[in-house]
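Please walk me through this protein model.

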Amino acid sequence: MRLCLAVEAALVEAVRVLPPDVEAALRRAQEREDGEYAKLALSHILEDIDIARSSPLPLCQDCGLFLVLVSLGRGCPMPVAEIEREVLEGCRRAVEKASYRRSAVSDPVYGRTNTGDNLPPVIHWELVDGDGLMVDILLKGFGSENCGGVRMLRPTEGEDGVVSAVVDMVRQAGGKPCPPMFLGIGLGGTMDRAALLSKKALVREVGRPNAQARYARLEERILEEVDRLGIGAGGLGGCNTCLSVAIETAPTHIAGLPLALSISCWADRKAHIEWREEWSH
């Protein structure tokens, strides 16, 4: 199978079917919710999930911008230019086949002319060990994307400063990101590296903690503090403001503590593709 066909198939499904880990988190939230209006909002969300699964309709009218994270093995036999062509073609075919709203514009400031095909995707490349190829794609809606941000903290602010910054950004976002939300947090590197790490955190399986115990504990602490805000499902109050917090880190400069927050709405749509050499034969 060509890589483009795998990308197409994954994206045709992702626009209307949530990953099992995301749907399970939403169903657990409804079970523990005690707020009347929030529970009603979660019921409507779950109804929407069921309707989209059994029809060609998308989960949300904002089908998002394709954000592609490519993990490329240093020994991968597929040329980078070919990978790029295949990813672009897979995205294009998915938009033509499925019910994608055309949401991309060619210039951010002047004219803002629609590209007509929801392209181009935003592609990030990372070299990894081995000879494989993994492609993760987020359908990044902008109701939640507009609520993320970067804070350049002082090193002395430490863990408390990280928690305070994230809680403050979520408080300011309120109900705009369509909660209950998923939080990806990038710590370290530079301003741009932290932002990319926050997107990488969003593709991690919901509920899988950071491999380092201290960061796993920090994820739990942030989740508890965010839920105490009481924003709740649909911004209607209740105990489920956030369903998952994931942190990714990188080394940084002695004078800095970059923090980036990326937020995903409840429709945390993701596609994952693993390429194998035999596909090309």
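Buried means under 20% relative accessible area, exposed means over 50%, and partly exposed is in between (1.4 Å probe, protein chains only). This is a predicted model: local features need pLDDT of at least 70, side-chain atom pairs count only at pLDDT 80 or more, and totals for chains, interfaces and linings use all residues. Residues are numbered from 1 along each chain as its sequence is written, and side-chain values use heavy atoms, with hydrogens and water left out.

**Salt bridges**

A salt bridge is a side-chain nitrogen of Lys or Arg within 4 Å of a carboxyl oxygen of Asp or Glu. The structure holds 24 of them. Helices (H or I, at least four residues) and strands (E, at least two) are DSSP runs, numbered from the N terminus.

| Pair | Closest N to O | Relative accessible area |
|---|---|---|
| Arg-93 and Glu-8 | 2.9 Å | Arg-93 28%, Glu-8 10% |

Arg-151 sits in strand β4 and Asp-168 in helix α6 (residues 158-173), 17 residues apart. Arg-93 in helix α4 and Glu-8 in helix α1 are 85 residues apart. Asp-50 and Arg-53 are three residues apart in helix α3 (residues 36-53), so about one helical turn separates them. Shared partners join Glu-8, Glu-89, Arg-92, Arg-93, Glu-96 and Lys-97 into one salt-bridge network.

**The cores**

A nonpolar core is a set of buried Ala, Val, Leu, Ile, Met, Phe, Trp, Tyr and Cys residues joined through side-chain atoms within 4.5 Å. In soluble globular proteins, nonpolar side chains tend to be buried together. The largest core here has 30 residues, and those touching the most other members include Leu-3, Phe-66, Tyr-100 and Ile-137. Which helix supplies the largest share of this core? It is α1, with seven residues. Another core lies apart, with 25 residues, among them Met-169 and Ile-231.

**Strands and sheet**

Two strands pair if DSSP finds at least two bridges between them. β1 and β3 pair in the antiparallel sense over eight bridges, with Leu-67 opposite Leu-138 in β3. Six bridges join β3 to β8, also antiparallel. There, Ile-137 stands opposite Ala-271 in β8. β3 is mostly covered, as seven of its eight residues are buried.

Four strands form an open sheet in the order β4-β7-β5-β6, with mixed pairing. β4 (149-153) and β6 (242-252) stand at the edges with a single partner strand each, so one side of each has no neighbour in the sheet. β5 (residues 181-189) and β7 (residues 257-264) pair in the antiparallel sense over six bridges. Gly-184 stands opposite Ser-262 in β7.

**Cysteines**

A disulfide is a pair of cysteine sulfur atoms within 2.5 Å. How many disulfides does a search of the whole structure find? It finds zero. For Cys-76, the nearest cysteine sulfur is that of Cys-4, 15 Å away. Cys-76 counts as buried at 13% relative accessibility. For Cys-265, the nearest is that of Cys-178, 5.7 Å away. Cys-265 is buried, with a relative accessible area of 10%.
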